2 protein chains.
Amino acid sequence: LNGSLAIVGLGPGPARWMTPEAMSFIEAATDVVGYEKYLDRIPHRQNLIRHASGNGIEQERALVALRLANLGRHVVVVSGGDPGIFAMAASVFEAIETGDPTWRTLDVTVVPGISAMHAVAARLGAPLGHDFCAISLSDILKPWTVIERRLIAAADGDFVIALYNPASKRRRHQIHQAFSLLRSRKDLATPVTIARSVGHENEQIIHATLADIDLEQVDMSSLVLIGSSQTRIIQRSGNSRWLLTPRHYSEVR
Amino acid sequence: LNGSLAIVGLGPGPARWMTPEAMSFIEAATDVVGYEKYLDRIPHRQNLIRHASGNGIEQERALVALRLANLGRHVVVVSGGDPGIFAMAASVFEAIETGDPTWRTLDVTVVPGISAMHAVAARLGAPLGHDFCAISLSDILKPWTVIERRLIAAADGDFVIALYNPASKRRRHQIHQAFSLLRSRKDLATPVTIARSVGHENEQIIHATLADIDLEQVDMSSLVLIGSSQTRIIQRSGNSRWLLTPRHYSEVR
């Protein structure tokens with residue numbers, strides 16, 4: 001009984017961003033495991049068992065998937081965006097690390113996906129055209145002191161910053177703390193963008209600066225991008241604009 | 001005459017990583033512009049004019065593409081990986097910024113792709129499972145002092161680090177300087193991986209530590225990943241291993 005486990009990135013939403021590799025793993029699966037909102041994107045068919053679960057129970061989901069694969073099933077765990085970025089790949093390997101030793105002999109594949117960060121950048125122009133970093137603002141699994149240390153480093157290193165998990169309905173103070181820290185260390189005119197539900201019908205792009213961004217607009221579906229000292233606006237007609245972080249660097253600070 | 005310009009990410013190589021959106025833009029194009037190695041991946045067909053060019057002339061390539069689009073052609077500029085990461089999107093928007101004002105009215109789309117970073121991470125397990133940054137080691141367009149400042153910030157912020165453009169045949173001292181700096185600020189046992197030509201037939205993965213990595217193995221086709229203090233090895237049978245940067249953080253330094 002040789003089962004298999006694939007951790008598959010669906011991309012940020014629309015089918016046009018799902019790779020052929022992701023599609024072929026889903027077609028070959030006997031079981032698909034994931035957050036119910038992501039499972040909605042997988043077509044129903046006979047002989048595909050669906051294991052939907054709520055949000056925030058990644059570890060439980062990983063265990064379900066590993067047990068099924070160990071029983072000889074061909075299991076796909078789905079992630080939005082790329083599974084390696086603040087998503088299911090880490091959960092599955094954490095479960096393998098501390099779990100049944102036979103899990104280390106399983107056939108495990110990670111299938112990369114278009115990450116939210118790249119989709120948002122594409123929508124905006126070329127804001128990630130130069131060195132950048134990605135930071136999750138969730139302090140559920142890491143202490144706030146670590147997040148703070150990384151925000152300081154990101155500002156001092158003059159990276160473009162992509163903030164993942166910037167806020168939720170309940171988790172509001174983190175985004176305010178993060179911005180007050182960034183405001184104390186970066187030019188207040190730095191371009192900032194809130195990108196909500198990128199690629200979906202209800203996509204919304206809010207352009208602002210570090211000084212005037214309305215943080216109440218940041219929700220769970222948002223990715224927040226903060227420019228480096230080099231990030232510039234290319235104005236188009238009306239309110240339309242592109243963002244550019246050029247490849248060359250002029251020392252400005 | 002309404003032309004268009006799409007800057008399309010082909011992913012790191014194999015067709016299984018090229019999105020349906022990328023394929024449909026290529027199918028609808030009248031002209032495809034790009035580095036000759038990437039153009040080799042585009043099937044020949046009638047009515048598709050191919051504008052191949054050598055490496056290192058991104059700005060010239062961007063101008064060719066913009067002029068063609070402005071003449072009413074449907075132009076695709078191809079990039080390996082994701083076009084927004086150290087690739088053609090920045091070149092095109094740089095050209096727009098300083099070029100013919102009518103270029104700002106062009107229909108421009110950036111089509112995201114699977115980035116080398118995500119493909120390498122998928123191949124290794126979940127090394128980017130937590131906060132990370134991407135730094136290009138090329139000092140052709142930015143001063144070395146900026147790179148050094150960012151390496152210091154990345155080490156002090158305890159990010160996982162992805163090094164793009166780590167070296168070429170001629171550009172050798174940068175990778176040595178970068179590692180001597182990182183060795184002075186990070187645990188010498190930190191996992192380091194050289195990933196060469198990921199997804200291609202000649203793919204090669206070299207696992208090492210910050211102390212013992214052989215920098216002579218780093219070439220133009222390499223992406224170098226350096227762990228955070230949290231990055232761990234999950235040993236499998238033989239020499240096989242996975243890398244994991246878990247979602248939770250235990251303070252170790």
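**Entry 1: one arginine to start**

Which residues does B:Arg196 touch, not counting residues up to four places away in sequence? I looked it up and found B:Asn202, B:Glu203, B:Gln204, B:Gln217, B:Asp219, B:Ser221 and B:Ser222. Here I take touching as contact, which means heavy atoms within 4.5 Å.

Before going on, I noted that this is a predicted model, in which local features need pLDDT of at least 70 and side-chain atom pairs count only at pLDDT 80 or more, while totals for chains, interfaces and linings use all residues. Residues are numbered from 1 along each chain as its sequence is written, chains are lettered from A and ligands numbered from 1 in the order in which they are written, and side-chain values use heavy atoms, with hydrogens and water left out.

Back to my arginine. B:Arg196 sits in strand β9 (residues 191–196) of chain B. Strands are DSSP runs of E with at least two residues, helices are runs of H or I with at least four, and both are numbered from the N terminus. B:Arg196 has 17% relative accessibility, so I wrote it down as buried. For that word I use under 20% relative accessible area, with exposed being over 50% and partly exposed in between (1.4 Å probe, protein chains only). I also saw that the side chain of B:Arg196 reaches the backbone oxygen of B:Gln217 at 2.6 Å.

**Entry 2: where the two chains meet**

Next I turned to the interface. I found 75 residues of chain B in contact with 75 residues of chain A. The size of an interface is often given as the accessible area lost when the parts come together. For chain B and chain A the buried area is about 6,400 Å², and carbon and sulfur atoms give 58% of it. My definition of buried area is the accessible area (1.4 Å probe) that two parts lose on being put together, summed over both. Which three residues supply more than any other three of the area that chain B buries against chain A? They are B:Arg149, B:Arg150 and B:Arg247, with 13%.

I then counted polar contacts across the interface and got 38 residue pairs, both residues at pLDDT 80 or more. A polar contact is a pair of N or O atoms within 3.5 Å; within protein, one must be able to donate a hydrogen and the other to accept it, and residues adjacent in sequence count only if both atoms are side-chain atoms. On the side of chain B that touches chain A, helix α6 (residues 144–156) of chain B gives the largest share, eight residues. That side divides into 39 nonpolar, 18 polar and 18 charged residues. In this sorting, Ala, Val, Leu, Ile, Met, Phe, Trp, Tyr, Cys and Pro are nonpolar, Asp, Glu, Lys and Arg are charged, and the others, Gly among them, are polar.

**Entry 3: salt bridges**

I looked at B:Glu21 and A:Arg16, whose side chains meet at 3.2 Å, N to O, in a salt bridge. B:Glu21 lies in helix α1 (residues 20–28) of chain B and A:Arg16 in the loop between β1 (4–9) and α1 (20–28) of chain A, so this pair joins two chains. B:Glu21 is buried at 8% relative accessible area, whereas A:Arg16, at 36%, is partly exposed.

A:Asp131 and B:Arg150 form another salt bridge, at 2.7 Å, N to O. A:Asp131 is in the loop between β6 (125–126) and β7 of chain A and B:Arg150 in helix α6 of chain B, so again two chains are joined. Both A:Asp131 and B:Arg150 are buried. I also found B:Asp131 with A:Arg150, their closest N and O atoms 2.7 Å apart. A:Arg150 has a salt bridge with B:Asp158 too, at 3.8 Å, N to O. Finally, I traced a salt-bridge network linking A:Asp131, A:Asp158, B:Lys142 and B:Arg150.

**Entry 4: strands**

Strand β7 (residues 132–136) of chain A pairs with strand β7 (residues 132–136) of chain B, antiparallel, over three bridges. Pairing needs at least two bridges found by DSSP between the strands.

In chain A, β2 (residues 31–35) has five of its five residues buried, so it is largely enclosed by the rest of the structure. Five bridges join β2(A) to the parallel strand β3 (residues 49–53) of chain A, where A:His51 is the bridge partner of A:Val33.

Notes
A salt bridge is a side-chain nitrogen of Lys or Arg within 4 Å of a carboxyl oxygen of Asp or Glu.
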